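Trainee: I'd like to learn how to read a structure like the one below. Please take me through it one feature at a time.

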Amino acid sequence: MTSAGLGAAIIAARPAVVAALAARFRDLDLAEDGFADAVELAMRQFADAPPPGNLGGWLHVAARRRIIDRLRRKARLAELIAAQPEAAEGEDMDTVSLFDEQIPDERLRLIFICCHPAIAPEARAALTLRVVCGVPTERIAAAFLLATPAMAQRLTRAKAKIRDAGVPFETPPPHLWAERLQSVLATLEIGYALAFQDAAGSEPTADLGPEVLRLTDMLAELLPDDPEVLGLAALVQLGEARRAARVDAAGRMIPLSEQDCTLWDNRLIGSAAWAMQRAAALGRSGPYQLMAAIHLTHARRKAEGRTDWAAILKLYDLLIQLRPGPVVAINRAIALARVEGAEAGLAAIEALGDEKIERYRPWQAARAHLLAQTGDREGAAAAYRKALALSPAWAERLFLEAKLRETSA
């Protein structure tokens with residue numbers, strides 16, 4: 001197996017292994033540290049030899065032993081250590097099943113666990129993205145418009161809360177899912193947004209898009225009468241439907257309005273439309289359904305040959321009332337520019353400007369685009385440079401560089 005193949009297999013095994021370690025030792029830091037130790041050992045041991053058939057089981061046993069060694073060296077948790085018999089050779093994940101089957105997926109179970117109501121609401125999604133999905137802290141910080149040290153502190157506090165409050169590492173019974181559901185949905189939404197920014201799949205979060213698609217589909221099967229669950233599932237399906245059209249032959253990102261819609265996936269579009277019809281029949285609207293409706297309106301370009309920007313703007317007007325925030329406001333400004341002209345859109349973008357949002361790459365990119373449309377090439381070039389300084393994924397970087405060249409010519 002190549003090093004890239006081994007790395008991909010380790011990433012795939014991570015959720016189940018970390019979940020098992022966290023459940024056994026009741027400590028997320030220990031679980032993550034133990035997994036990291038096991039990964040380091042695996043990269044050395046299997047650099048020139050094939051990995052075992054059950055790599056997840058091997059990583060679990062290796063991590064478990066390393067954690068016990070750490071506890072012994074630090075001479076703490078003596079009772080816990082005494083209760084941990086050494087793993088027998090050949091022990092694998094089949095012998096350490098820690099969860100019931102109410103939620104039939106290790107990663108989804110751990111998401112529900114990390115979204116415990118004892119954890120501060122603003123920390124639940126961030127903690128889950130870090131622990132369950134392995135998203136780097138700096139990427140999470142950028143998604144929340146926070147500096148990396150501030151996000152690191154937030155994650156540290158959340159882990160300490162889990163440890164000190166004795167939060168159980170077990171799947172909550174179904175009647176308690178509702179109190180965690182909004183945090184679960186927010187986590188999946190943010191995870192997908194992080195993956196979606198990486199159009200070419202070149203970042204460490206490359207596997208998150210298909211994985212969130214799988215998890216949201218599974219959640220919709222578990223909770224088929226929750227309209228917002230159906231709305232999020234439809235939203236992710238519509239995003240994934242466009243995957244084949246998102247980069248050109250050179251690996252450069254293609255904006256939605258310029259994509260070849262013949263490459264969009266009809267099956268996923270149809271599945272999303274069905275989920276939205278079911279959600280509408282339940283009679284309770286919400287932000288995820290509105291976001292999905294916006295994306296479905298874009299998807300209709302494949303059949304109708306045009307984008308109904310007036311309808312999209314109306315949907316954003318509704319969405320911003322339910323869920324005000326910079327992401328919605330930026331997207332609404334783009335739609336406004338399509339309906340009322342670039343000057344109107346730019347005014348809406350400029351109205352959002354503050355020190356915090358200036359660190360948000362989509363704001364700089366949208367501002368650059370609208371400045372160029374109004375004829376301010378110098379201002380657009382400056383904004384594109386600022387966007388490029390904010391660590392875009394490779395495909396987006398190529399796109400922004402091309403736009404910078406256009407405005408600087």
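Mentor: Start with His 116, which sits in the loop between helix 5 (106-114) and helix 6 (121-131). Helices here are DSSP runs of H or I with at least four residues, numbered from the N terminus. This is a predicted model, where local features need pLDDT of at least 70 and side-chain atom pairs count only at pLDDT 80 or more, while totals for chains, interfaces and linings use all residues. Residues are numbered from 1 along each chain as its sequence is written, and side-chain values use heavy atoms, with hydrogens and water left out.

Trainee: Is His 116 buried or exposed?

Mentor: You read that from relative accessible area: under 20% is buried, over 50% is exposed, and in between is partly exposed, using a 1.4 Å probe and protein chains only. His 116 has 15%, so it counts as buried.

Trainee: Which residues is His 116 in contact with, leaving aside neighbours within four places in sequence?

Mentor: Contact means heavy atoms within 4.5 Å. For His 116 the list is Arg 124, Val 167, Pro 168 and Arg 180. A polar atom of the His 116 side chain also lies 2.9 Å from the backbone nitrogen of Ala 118.

Trainee: How far apart are Trp 177 and His 116 in sequence and in space?

Mentor: They are 61 residues apart in sequence, and their C-alpha atoms are 9.7 Å apart in space. Trp 177 belongs to the loop between helix 8 (148-164) and helix 9. With 8% relative accessibility, Trp 177 is buried.

Trainee: Now helix packing. At what angle do helix 5 and helix 9 pack?

Mentor: Helix 5 and helix 9 (residues 178-197) pack at about 120 degrees, with axes 9 Å apart. Angles under 35 degrees are roughly parallel, over 145 roughly antiparallel, 65 to 115 roughly perpendicular, and the rest oblique. Helix 5 and helix 9 are therefore oblique to each other. Where they meet, helix 5 brings Ile 111, Phe 112 and Ile 113, and helix 9 brings Arg 180, Val 184 and Leu 188.

Trainee: Which residues meet between helix 6 and helix 8?

Mentor: Geometry first: those axes come within 9 Å and cross at roughly 95 degrees. That makes helix 6 roughly perpendicular to helix 8. Among the residues that meet are Ala 123, Leu 127 and Val 131 in helix 6, and Met 151, Leu 155 and Ile 162 in helix 8.

Trainee: And how do helix 12 and helix 13 pack?

Mentor: Helix 12 (residues 266-281) and helix 13 (residues 287-299) pack at about 140 degrees, with their axes 11 Å apart. They are therefore oblique to each other.

Trainee: Which residues touch the most other members of the largest nonpolar core?

Mentor: In soluble globular proteins, nonpolar side chains tend to be buried together. A nonpolar core is a set of buried Ala, Val, Leu, Ile, Met, Phe, Trp, Tyr and Cys residues joined through side-chain atoms within 4.5 Å. The largest core has 103 residues, and Leu 59, Leu 127 and Leu 219 touch the most other members. Helix 1 (residues 3-25) gives the most to this core, with 10 residues. Apart from it lies another core of 26 residues, including Leu 145, Ala 368, Tyr 384 and Phe 399.

Trainee: What does Leu 127 touch, not counting residues up to four places away in sequence?

Mentor: Its partners include Leu 28, Cys 114, Ile 119 and Val 132, along with Ala 158 and Lys 159.

Trainee: Where is Asp 217?

Mentor: Asp 217 is in helix 10 (residues 208-222). At 25% relative accessible area, it is partly exposed. Its side chain makes a polar contact with that of Gln 237, at 2.9 Å. Such a contact is a pair of N or O atoms within 3.5 Å; within protein, one must be able to donate a hydrogen and the other to accept it, and residues adjacent in sequence count only if both atoms are side-chain atoms. Asp 217 also touches Ala 233, and the C-alpha atoms of those two are separated by 5.7 Å, though 16 residues apart along the chain.

Trainee: What is the phi of Ser 391?

Mentor: Most residues other than glycine have a negative phi. Ser 391 has a positive one, about 55 degrees, although it is not a glycine. It lies in the loop between helix 19 (377-388) and helix 20 (394-408), and at 58% relative accessibility Ser 391 is exposed.

Notes:
Helices (H or I, at least four residues) and strands (E, at least two) are DSSP runs, numbered from the N terminus. Axes are lines fitted to C-alpha atoms, for helices over the stretch in contact, and angles run from 0 to 180 degrees between N-to-C directions.
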